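Biologist: I have a structure open and want to learn how to read it. Where do we start?

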Amino acid sequence: MAELLLVEDRGRVRWLTINRPDKLNALNRAVLEALGEAFFAAVASGQVGAVVITGAGEKAFVAGADIAEFQGMSPQQARQLAQRGQELFAAIESSPKPVIAAVNGFALGGGMELAMACHLRVAAEHAKFGQPEVKLGLIPGYGGTQRLPRLVGPGRALELLLTGKMVDAATALSWGLVNRLVPHSELTTAAQALAEEILAVAPTAVSHCLEAVRRGLDASLGEGLALEASLFGLSAATEDFREGVAAFLENSNPQFPGR
Ligand code: COA
């Protein structure tokens with residue numbers, strides 16, 4: 001049987017490719033488990049500075065949770081399934097290393113939720129986004145009802161959540177759901193370039209920015225500002241900070257140690 005998840009390093013960027021193209025990369029239990037294992041290994045690896053998640057084939061990023069696994073599911077099993085997926089997606093969102101979704105086609109249901117759990121999204125022009133769960137008598141279970149309104153506002157989110165319809169990549173770009181839109185043939189290069197752009201700056205500052213934004217979105221403005229001040233203080237304790245300032249003053253290129 002082909003591997004469900006392909007792992008490849010391009011420099012310091014680890015590419016995780018969900019590999020079930022005949023089922024449009026639908027997330028069954030085995031795929032979720034493989035994705036979790038590979039993701040945690042990437043976070044733990046000193047060789048890896050950023051992660052890109054994509055789907056195999058030309059048609060789909062991920063067309064959702066595997067609907068075949070829904071049949072006969074009890075309410076308790078459904079709840080556990082949602083909790084397991086939510087845990088993994090929350091771990092991706094909480095990653096100290098940047099995670100980019102390279103959306104190479106349909107990003108539906110759990111696929112759109114996976115893309116939204118990533119920090120940044122680069123999409124191919126033919127990508128389509130949607131939360132079609134209501135068409136199955138369900139609601140999103142991997143964070144869609146929570147992350148979508150935070151990303152695009154409640155009106156646009158509810159339009160997708162309540163109708164189950166898809167939007168094209170140009171609409172997703174205009175809504176701020178994706179960061180960049182590129183021809184499909186340029187998707188890999190664009191996602192890799194974005195990752196490398198982030199790898200060029202101070203890794204500790206990147207982690208602190210990720211933490212400040214993620215935790216700040218769940219806090220009041222006052223709490224968020226307090227968090228920012230404390231992370232600003234932590235940044236000033238790093239070798240990256242000393243290197244960045246010294247390199248600027250010497251007019252040289254900083255070599256950040258990542259500490
Ligand atoms: N779960 C399980 N299998 C899926 C799937 C999913 N979420 N999405 C697609 N597949 C399978 C199809 O059953 C089909 O399998 P088969 O060839 O063995 O019959 C294969 O992937 C190809 O999909 P198909 O529907 O034939 O492609 P299409 O181009 O006609 O349609 C979609 C593409 C994305 C519009 C359609 O597959 C779809 O609506 N998928 C479900 C999306 C969804 O509801 N996701 C949320 C789940 S909570």
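This is a predicted model: local features need pLDDT of at least 70, side-chain atom pairs count only at pLDDT 80 or more; totals for chains, interfaces and linings use all residues.

Biologist: What volume does the largest cavity have?

Modeller: About 40 Å³.

Biologist: Which residues line the largest cavity?

Modeller: A lining residue has an atom within 4 Å of a cavity point. Here the lining is Leu27, Asn28, Arg29, Ala65, Asp66, Glu69, Phe70, Leu81 and Tyr142. By class, that lining divides into five nonpolar, one polar and three charged residues.

Biologist: Now the ligand. Which residues come nearest?

Modeller: There are 16 residues around the ligand. Lys23, Lys59, Ala63, Ala65 and Ile67 come nearest. Ala65 also belongs to the lining of the largest cavity.

Biologist: How does the shell around the ligand divide by class?

Modeller: Into 11 nonpolar and five charged residues, with no polar ones.

Biologist: How do I read the polar contacts?

Modeller: Look for pairs of N or O atoms within 3.5 Å. In the side chain of Lys59, an N or O atom is 2.6 Å from a ligand oxygen. A polar backbone atom of Ala65 is 2.9 Å from a ligand nitrogen. For Asp22, a polar backbone atom is 3.5 Å from a ligand oxygen.

Biologist: Last, the domains. What are their bounds?

Modeller: Domain 1 spans 5-199, and domain 2 spans 203-250. Their centres, taken over C-alpha atoms, are 27 Å apart.

Biologist: How many residues does each domain bring to the contact?

Modeller: Domain 1 gives nine residues and domain 2 gives five.

How values were computed. Residues are numbered from 1 along each chain as its sequence is written. Side-chain values use heavy atoms; hydrogens and water are left out. A residue is near a molecule or strand if one of its heavy atoms lies within 4 Å of it. A polar contact is a pair of N or O atoms within 3.5 Å; within protein, one must be able to donate a hydrogen and the other to accept it, and residues adjacent in sequence count only if both atoms are side-chain atoms. Ala, Val, Leu, Ile, Met, Phe, Trp, Tyr, Cys and Pro count as nonpolar, Asp, Glu, Lys and Arg as charged, and the others, Gly among them, as polar. On a 1 Å grid over the protein atoms alone, a cavity is a set of points where a 1.4 Å probe fits but cannot get out, and a pocket is an open set with protein on both sides within 12 Å along at least five of seven lines; lining residues have an atom within 4 Å of a point. Grid points are joined across faces, edges and corners, and a volume is the space filled by probe spheres set on the points. Domain bounds come from an automatic or database domain assignment. Contact means heavy atoms within 4.5 Å.
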